[in-house]
Amino acid sequence: MTKRPGHAHSTSEPILMQTFDAANVDKEYQFYDEEAARVSQKIDEELKRDWVRRKDAQRRQVKVMLLGQAESGKSTLQKQFQLYYAQHALDHERPLWRPVVYFNILKAVRMILDELDHELNNLSIDDSLEGQAVAHSLAPLGDLSEEFSGLRTKLVPLVAMEDSLASELSGGVAVTGGRTGVYVRAGWQALVTPLSPNRSRALPGTGGLSPAVAQVTSLASRTLISVQNEVDELWKHPAVRILLNNRRIRLDESAPFFLDSIKRVAQPDYLPSTADLLNVRLQTLGVAEHSFDIELCGSRYNWLMYDVGGARGQRHAWVPYFDDATAIIFLAPISAFDQYLEEDPRTNRVDDSLQLFTAICSNKLLKNSHLVLMLNKTDLLRKKLEAGVKVRKYITSYGDRPNTYADVSEYFRAHFIQVHRRHDISRRALYVHFTSMLDIRATQDIIVNVGEAIIRSHIAKTGLA
């Protein structure tokens, strides 16, 4: 049979058409719908459980802000909390504080040498009663210029390291106004700790310093060891003691502690003690968060503590943390009645604390926050009063009241309580404590009482059982 041109015949098997079974398809779709519903329900249940977990965790989260001016003791209180609730973390950080201790000593030595030069060069032209009294006390010591010139020459290598040590610790953070010092942001410990090979995070469990910081720390240590006798001689020199007693030399509050301990610190295997960690001075910029787990009545609460920079130029950074703060712990250093703000030399530090406390009491964002007031640095207040420093010389409203610790401390307490009564917008209770952050036992007793009071207040507000 001939094939028609233009047409091709397939050699494949004939195609068998399957019949369409609608009922079977409906069953399959029904299976998939039921399976999808089960998966969706499972996801919804998991999301609900996760929401409940997060809600419960949030309800057990206690957010506490440490507020107060610079050098009021906020960071020391934070370390006291860490010492009580998370000592293992503080122990891990000990090596990281070694260069900071060295910096505190270097700065103190430099300040003494600078003030000595100024005082000895200007004493002859100071005709004030105080100046004449100091000159009279120094006269039996004779000409001191050659002696101190020799000491300065030996101490120059140590003092010269101050800026490089500060720069490495600060991690490039600069402060306007030309002020020198160590100014660090939150998480500075990670910046001075060696990084993992991918350079993204600190090596866990090393407790060591980054190469750059380690190098300058090692040099500072060796230099300090070599001149420890000269540092000790300078610190104990009768002329320095006279100028300190007459308040012609003013050092950071931590300086006497470390200079008294120079022989202990100037050891090759030196590791900061707990007392060193509490006395060391380090100024934090911005807001630093610290977390502790606290057990109370069989339940665990996550305590988030925010340590803030207290200088005037940094106080704007506090506001974003106000909204849901569980509690405010306000620190006012009442020993600072004879000091003035670094940012504003016309403002007395106690007056500034009162103004700041007024702003805290009247802030609407904080109206539901538990309020604790710590009148801090009572140990330094006692020392100043015992040394004969008169409060009325710096705070004229003190008048002729007795210059005793009992009267002075009660005077300041009354003023802060009056501010609270006049300006607190929610009429909440105010819990007042006299504190010395360097007294570990007394401070930790207060920490326990304050912590429990804050958590019980939090439980009452959130309905936690």
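Buried means under 20% relative accessible area, exposed over 50%, and partly exposed in between (1.4 Å probe, protein chains only). Keep that in mind for this tour of a predicted model, where local features need pLDDT of at least 70, side-chain atom pairs count only at pLDDT 80 or more, and totals for chains, interfaces and linings use all residues. Residues are numbered from 1 along each chain as its sequence is written, and side-chain values use heavy atoms, with hydrogens and water left out.

**Stop 1: the annotated site**

Select T284. At 13% relative accessibility, T284 counts as buried. T284 sits in strand β3 (residues 283-285). Helices (H or I, at least four residues) and strands (E, at least two) are DSSP runs, numbered from the N terminus. The unreviewed UniProt entry places a "binding site" feature at several positions, including T284, N376, K377 and D379. UniProt positions follow the numbering used here, feature names are shortened, and annotations may be inferred rather than shown by experiment.

Now select K377. It lies in the loop between β7 (370-376) and α15 (378-386). K377 counts as buried too, because its relative accessibility is 11%. Among the residues that K377 touches are E71, P333 and T435, leaving out those up to four places away in sequence. Contact means heavy atoms within 4.5 Å. Show the side chain of E253: the K377 side chain makes a polar contact with it at 2.5 Å. A polar contact is a pair of N or O atoms within 3.5 Å; within protein, one must be able to donate a hydrogen and the other to accept it, and residues adjacent in sequence count only if both atoms are side-chain atoms.

**Stop 2: the sheet**

Color the 6 strands of the open sheet, in the order β4-β5-β1-β6-β7-β8, with mixed pairing. β4 (287-296) and β8 (430-434) stand at the edges with a single partner strand each, so one side of each has no neighbour in the sheet. Two strands pair if DSSP finds at least two bridges between them. Zoom in on β6 (residues 327-333), which pairs with β7 in the parallel sense over 7 bridges. There, I328 stands opposite L371 in β7.

**Stop 3: the cores**

Select I105, V109, L224, V231 and L234. These have the most contacts inside the largest nonpolar core, which has 54 residues. Helix α3 (residues 87-122) gives the most to this core, with 15 residues. A second, separate core of 37 residues includes I328, L375, F416 and V419. A nonpolar core is a set of buried Ala, Val, Leu, Ile, Met, Phe, Trp, Tyr and Cys residues joined through side-chain atoms within 4.5 Å.
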